[in-house]
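Reader: Could you take a close look at one part of this model, the packing around its buried positions, and describe it in a connected account?

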Amino acid sequence: MTYEELLKVAGFNDVEQGRLISLSYRFPQMEEYAKAFMASDRSYESFDREVKKIDAHKTEEASVYSLHMVFLCHAFSMLRDVYIEKGISLEMLENTAKDLMYKTRECILRFGDIGTVSVYWFWEFLALYRFAFGRLQFGCLRKFDNGHYEKNGYKIDDGDTVLDCHIPSGGPLTQEMCFDSYRRVWEFWHHLFPDGVVRIQCGTHLFYPGYKDIMGANTRAFVDNFDIISVTEKDEFGDAWRFLDTNAISNPDNLPTRTSLQKRFVEYIRNGGKYGSARGILLFDGEKIVNK
């Protein structure tokens, strides 16, 4: 897959494609670094070594955020042959590559820049430890670190393998989409669990109990799929930009209220609502959630 083809597959718009193509021509070193990484053992150390080279190339016209994205897009364009070699569906590659676009849109929203502030997030994708399974993403490198969990005859202990669930900012989150993702990840990774029941862990601001009544019906249904096992309180609303396009929330009168969700969050802030995140566990046997 060429670099230009990858940009289209990932869903970048014309403006974003033009910028990323221009930067690729101006900074050919990004392709060289991507080739070096993809030809290596694709370990974290190899990734870190190539990423650290990028900082020296940043200019006033080309931020390190933008150059990171060029590097990543070149690396992702080289994944097609790896997927074919491993017998992994190319549909999964197309779904997975869209995270490049999601992270770019987040960077534009937060910093007005076509790029990413999360370059290291993508290492697991390139090393084949994380994939998009339909609407949701899952990684297989996590170990449970929350003591002991037991429900309906199933248990998880510290150090046990758990799949890590991530919800990319890619639109609706219906129950149909969620269960499609659960089934896909079960088919792909249930062999990692002796009893064939996948242990899925998810830590997210969406699970914070204080936000539940603010969220829409689809998000509440997704939250209810998980058994919440821990809650973290936070002094600041670091995730405000995800809902309100900004983290500057000291004056609620200046916050956007274009959507009903934004209106509810602004009211929550005005009323002195607390902030936080939580972690949940979902056990899936290929057909149903078995710990609810």
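**Helix packing and buried residues**

Author: E16 counts as buried because its relative accessibility is 3% (buried means under 20% relative accessible area, exposed over 50%, partly exposed in between; 1.4 Å probe, protein chains only). The model is predicted, with local features requiring pLDDT of at least 70 and side-chain atom pairs pLDDT 80 or more, whereas totals for chains, interfaces and linings use all residues. Residues are numbered from 1 along each chain as its sequence is written, and side-chain values use heavy atoms, without hydrogens and water.

E16 belongs to helix 2, residues 14-26 (a DSSP run of H or I, at least four residues; strands are E runs of at least two, and both are numbered from the N terminus). Leaving aside residues up to four places away in sequence, E16 touches R105, I108 and I114 (heavy atoms within 4.5 Å).

Elsewhere, helix 12, residues 260-270, has Q262, F265, V266, Y268 and I269 as its buried residues. These residues lie on the same side of helix 12, because they cover an arc of only 160° around the axis (taken from the directions from the helix axis to the C-beta atoms). Their packing partners are helix 11 (240-244) and strand 8 (275-284). Just after helix 12, G272 adopts a positive phi of about 75°.

A further contact joins helix 3 (residues 29-38) to helix 5 (residues 64-77). On the helix 3 side it involves M30, E31, Y33, A34 and M38, which meet L67, V70, F71, H74 and A75 of helix 5.
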